[in-house]
Amino acid sequence: MEFHVITLFPEMFAALDAGLIGRARNQGLISVTAHNLRDHGLGNYRQVDDAPYGGGSGMVMRPEPIAAALDAVVAERSGLVKIMMTPQGAPFSQAAARELAMADGLVLIAGRYEGFDERVRALVDREISLGDYVLSGGELPAMVVIEAVARLVPGVLGNPASLAEESFGASELLEYPQYTRPEEFRGMRVPEVLLSGDHGKIRAWRESEARRRTARRRPDLAAAARKT
Ligand code: 9D3
């Protein structure tokens with residue numbers, strides 16, 4: 001699967017050289033290419049932004065450089081889903097990641113400044129937000145989307161059992177508490193049931209802990225899980 005990003009800060013995407021995503025790229029399972037929006041900037045100053053019509057503070061991303069960058073990426077490629085990263089987009093979710101993983105590739109547009117010229121919306125297939133908090137641009141959100149989607153590409157996760165287990169959706173429970181060695185750490189002991197070797201009892205304990213924890217911490221998920 002191909003991931004393309006249109007950004008003023010292509011160097012930020014070096015973060016995706018590391019870890020699972022880096023390995024998947026080296027194996028040729030996915031590719032990640034950051035395209036510098038400045039290369040499509042206007043005039044001698046390669047301008048990509050301008051003052052808002054009607055006045056107001058801050059600068060707005062002009063549509064032409066984004067259109068030119070999108071055209072350059074999409075040329076001679078098919079099956080790419082075009083996505084704008086914006087605080088006004090649909091909240092990102094595991095369900096959205098699953099949908100996007102069916103595409104041949106994604107083109108993510110990461111903005112800076114106060115936002116995009118409204119007409120950029122006409123150039124994309126969808127708009128995604130990471131959630132209701134203020135960031136400085138769309139680069140980190142774009143990386144989050146790439147990581148979440150790339151993990152769903154066959155072969156990227158070494159261990160497909162972990163993929164089967166993590167069917168995280170609107171109607172799933174939080175994870176049960178996990179322990180490893182030592183049996184006692186700073187006076188805190190591993191629950192006796194996990195040392196018992198009774199796999200039926202262990203399964204029941206994990207399920208009830210997952211329910212209890214979800215009810216306390218995520219009543220929204222607990223309500224959704226009750227309906228299934
Ligand atoms: C503080 C500025 N805001 C009010 C004028 C508007 C605003 C503009 C641009 C707020 C954030 C941004 C930059 N953010 C993104 O490009 C972004 C984002 C985010 O800030 N939060 C969650 N998801 C996303 S996706 C892209």
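A residue is called buried under 20% relative accessible area, exposed over 50% and partly exposed in between, with a 1.4 Å probe and protein chains only. The legends below describe a predicted model, in which local features need pLDDT of at least 70 and side-chain atom pairs count only at pLDDT 80 or more, while totals for chains, interfaces and linings use all residues. Residues are numbered from 1 along each chain as its sequence is written, and side-chain values use heavy atoms, with hydrogens and water left out.

**View 1. Glu118 and Arg121 form a salt bridge.** A salt bridge is a side-chain nitrogen of Lys or Arg within 4 Å of a carboxyl oxygen of Asp or Glu. The closest N and O atoms of Glu118 and Arg121 are 2.7 Å apart. Glu118 is exposed at 53% relative accessibility, whereas Arg121 is partly exposed at 21%. The structure holds 15 salt bridges.

**View 2. Glu2 and Arg77 meet through their side chains.** Their salt bridge has an N to O distance of 2.9 Å. Glu2 lies in strand β1 and Arg77 in the loop between α2 (63-74) and β5 (80-91), so the pair ties together parts that are 75 residues apart in sequence. Helices (H or I, at least four residues) and strands (E, at least two) are DSSP runs, numbered from the N terminus. Glu2 is partly exposed, with a relative accessible area of 27%, and Arg77 is also partly exposed, with 33%.

**View 3. Strands β1 and β2 run parallel.** Six bridges join β1 (residues 2-7) to β2; two strands pair if DSSP finds at least two bridges between them. In this pairing, Phe3 stands opposite Val32 of β2.

**View 4. Glu183, Glu184, Arg189 and Glu192 are linked in a network of salt bridges.** Within this group, the side chains of Arg189 and Glu184 meet at 3.8 Å, N to O. Arg189 is partly exposed at 41% relative accessibility, and Glu184 is partly exposed at 46%.

View 5. Most residues other than glycine have a negative phi, and most peptide bonds are trans. Arg186 has a positive phi of about 45° and is placed in the loop between β8 and β9 (188-189). Arg46 is partly exposed at 41% relative accessibility, while Arg186 is exposed at 74%.

**View 6. A cis peptide bond joins Arg181 and Pro182.** Its omega is about 5°. Pro182 is found in the loop between α5 (160-165) and β8 (184-185).
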